[in-house]
Structure formats: structure tokens, C-alpha cells
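Subject: Handover of a structure, with notes

Dear colleague,

I am passing on the structure below, together with my notes on what was found in it. Please read them with the coordinates open beside you.

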Amino acid sequence: MSDSAAAKSGDGGSTHQRWIAGLLRFALRTTLLRTFRAGLPVEQQRRRLRRVSSLTLPPRAASFTAAVVGGVPGEWIRVRGRERPSLAVLYLHGGGYTTGSPSTHRALTGHLAVHCDAEVFAPHYRLAPEHPFPAALDDAVAAWHGLRGHGLDASRLAIAGDSAGGGLAVATALRLRDLGEPMPCGLVLFSPWVDLTLERLAPAPPGEVMLTLPWVRECARGYAAGTDPRHPGISPIEADLAGLPPTLIQVGTDELLLPDSRRLCERLRAARVPVELKEFPARWHVFQANAGVLADADRALEAVGRFLRARSDAG
């Protein structure tokens, strides 16, 4: 698989890390599978996700400050005691376009800021089904314009996201390209959901601890809300991807959306976009959120830091 060859996991020889991974897998299976459940009212899903995320551990080194950027509410994540870094990241949270917020993803965005030595803005973009496509995309683009208006040069500004937020990150970069605007220095995608047609999605593998096909279908219907899911703003895998910035994709092998990552890598490579795909064996959906506890998650975010620093230095 060349770039998409499975990244070696250093946890296999560590009894302590195997124990931690098993405990995390059990905790996620018993909480998030019950949260992301088809037929459960979306407000209940959101409340449950907030309760589950309150048990996560953002790094003490990170600060979280409410802000409005480009007219979009959200929060800044910065490393305490450090001067303003040269790198900034627009981070788009996951949650199937129907759940999630900056506060539910603080463990991930906080560790991302620390590992990348970056300041991160996570917008509270509007959610479906109350606000279907293109509300989330419009908000992401508005937040980007707001960051640029704050004097952040595109060559020092990246876009990142997980799951639905990963797909939204690609759609945002496509919108910026079509507007003729400078591209971000890089895209970082954690288990991106880029095909809402679901036509090539297989049933969840046995190791999946979070997502089910019925729930993903329900989210896709809520976000598309009658628009053809092949629309490139909804399913960016359907778009002409030429001209996108260098892209890093990270994904676990025990998750429903692994095929999306592999197909996106193939499409980006065919469009001559520099792309790296790193697969982490026996890791679950957006395992990077377990940084600070799971060694693979820390290694993944360290790789993100190296990738983004190389891109911003090249700019």
C-alpha cells in the first residue's frame, strides 16, 4: 500500500498499553454505541455525548476560550504560557453532522494544539437536522475567512477535522479552491467521512466500537435533507480534487469508515495531490481523541505536528 501501508503500532509489546487499549475499547463500546444509535432523538444523542465527553481528559497545558470568528461561535485552544505560535489550525469536529461541538472534542483539540505547537480554532458550526447542508459548510468557510481576517496567512493556516468534520474539511478546501482563494498549508483528516451515498460502505467490522451503519445512514439523510448526496459539497469524494493542498489521513483498521480513507487517498493521488495515508492496526474510530492515555494516539498527533510544521515551513 506504499504510503497507505499500515503504520507500525508500538503498543503490541507493552502489556500496559494493551491493557489501556482494552479498557478504552470496552468504555467506548458501552457508551458511544448507545449514544450514536439510530432512532434515538438527536437531542438525547447530544446530551449523552456531552456527558461522555465530560469524562475525557484535555491536557492541562491547553486553555479553551470562547470566541466568535467570522461570525461563527467557537473556541480558541492555545497552549498556556507560550507566545502566539506561527501555525494555526481550523478544526472541524465530528459527530455525523448532527452531534458534537468544540467542547465535546477538547481532549482531541487540546492535545492537537500541544503536539503541533499551534493555536486551534474550533467553530460551533450549525448542525443537522435543524440546519442541513450547506449550513455547516457555510459556517466553516466563514470561520476560515474570519481567521484570514485576523491576519493569519494561508501558508501558516491548516484545516483539520475528524469523521464528518474530516469530510467537511475537504469540502471547505474545495469551496476555497473554487473561489480562487489561497489554499491552506495542509489538510489533516482523522477517519474522514467523505461519501454520504454509503454505496460502498460495508457493515461495521467486529472491532468497531462507535459507529453503526443504521446511525450513519440516519445522519446522512439528516444532513443531505433531500439534496443529492453525490453533491461534492456533501460527498467530496465525488469532486474533482485537483489543486487541494498536501493531505495527511489517519485511520484505524477497526472502523466502519476505513474504506472512505482508502478511497480518498486513491482519488487524491490520481489528482496529483501529495497525500499520506497512515493506518493504525487494531485502532478504532478517531482514536486520536485518547491522546495522553493511548500511546498510538500520541504518536499519531506527533506525526501531525511534523507534517504541519513541514508544510508551514515550506510555505
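The notes below go from the whole chain to single residues.

This is a predicted model, in which local features need pLDDT of at least 70 and side-chain atom pairs count only at pLDDT 80 or more, while totals for chains, interfaces and linings use all residues. Residues are numbered from 1 along each chain as its sequence is written, and side-chain values use heavy atoms, with hydrogens and water left out.

Overall fold

The secondary structure of the protein consists of eight helices and eight strands, where helices (H or I, at least four residues) and strands (E, at least two) are DSSP runs numbered from the N terminus. For 315 residues a compact globule would have a radius of gyration near 20 Å, and the 18 Å of the protein agrees with that; the radius is taken over C-alpha atoms, and the globule rule is 2.2 Å times the number of residues to the power 0.38. Along the principal axes, the C-alpha atoms fill a box of roughly 45 × 45 × 40 Å.

Of the 315 residues, 56% are buried, a term that stands for under 20% relative accessible area, with exposed meaning over 50% and partly exposed in between (1.4 Å probe, protein chains only). Among the contacts with a separation of 6 or more, 78% come from residues 24 or more positions apart, a contact being heavy atoms within 4.5 Å. The protein exposes about 12600 Å², of which carbon and sulfur atoms supply 54%; the areas come from the Shrake-Rupley method with a 1.4 Å probe, and for residues only the protein chains shown count as cover.

There are 37 positive and 31 negative side chains, and the centres of the two sets lie 5 Å apart. Here Lys and Arg count as positive and Asp and Glu as negative, without His and the chain ends, and each charge is placed at NZ of Lys, CZ of Arg, CG of Asp or CD of Glu.

Aromatic pairs

The structure holds six aromatic pairs, for which rings of Phe, Tyr and Trp (its six-membered ring) must have their centres within 6.5 Å, with planes under 30 degrees apart called stacked, over 60 edge-to-face and the rest tilted. One of the pairs is that of F36 and W215, tilted at 35 degrees between the planes and 4.6 Å centre to centre. Since F36 lies in the loop between α1 (15-35) and α2 (42-53) and W215 in helix α6 (residues 213-224), the pair ties together parts that are 179 residues apart in sequence. Both F36 and W215 are buried. The rings of F280 and F287 form a tilted pair as well, because their centres are 4.9 Å apart and their planes stand at 50 degrees. F280 is buried at a relative accessible area of 6%, and F287 is buried at 0%.

Helix α3 (residues 106-116) is largely enclosed by the rest of the structure, because nine of its eleven residues are buried; among them are H111 and H115. D117, which follows α3, has a positive phi near 50 degrees.

R263 is in helix α7 (residues 258-270) and is buried, with a relative accessible area of 17%. Leaving aside residues up to four places away in sequence, R263 touches D195, R200 and I237.

T212 sits in the loop between β6 (187-190) and α6 and counts as partly exposed at 27% relative accessibility. With the same exclusion of residues up to four places away, T212 touches L33, F36 and L256; T212 and L256 are 44 residues apart in sequence and 7.5 Å apart in space, C-alpha to C-alpha.

Backbone points to check

Most residues other than glycine have a negative phi, and most peptide bonds are trans. A cis peptide bond joins A128 and P129, with omega about 5 degrees, and the bond from F133 to P134 is cis with omega near 10 degrees. P129 is in the loop between β4 (118-123) and α4 (135-149), and P134 is found in the loop between β4 and α4.

A225, in the loop between α6 and β7 (247-252), has a positive phi of about 50 degrees although it is not a glycine. R272, in the loop between α7 and β8 (275-280), has a positive phi of about 65 degrees and is exposed, with a relative accessible area of 77%.

With best regards
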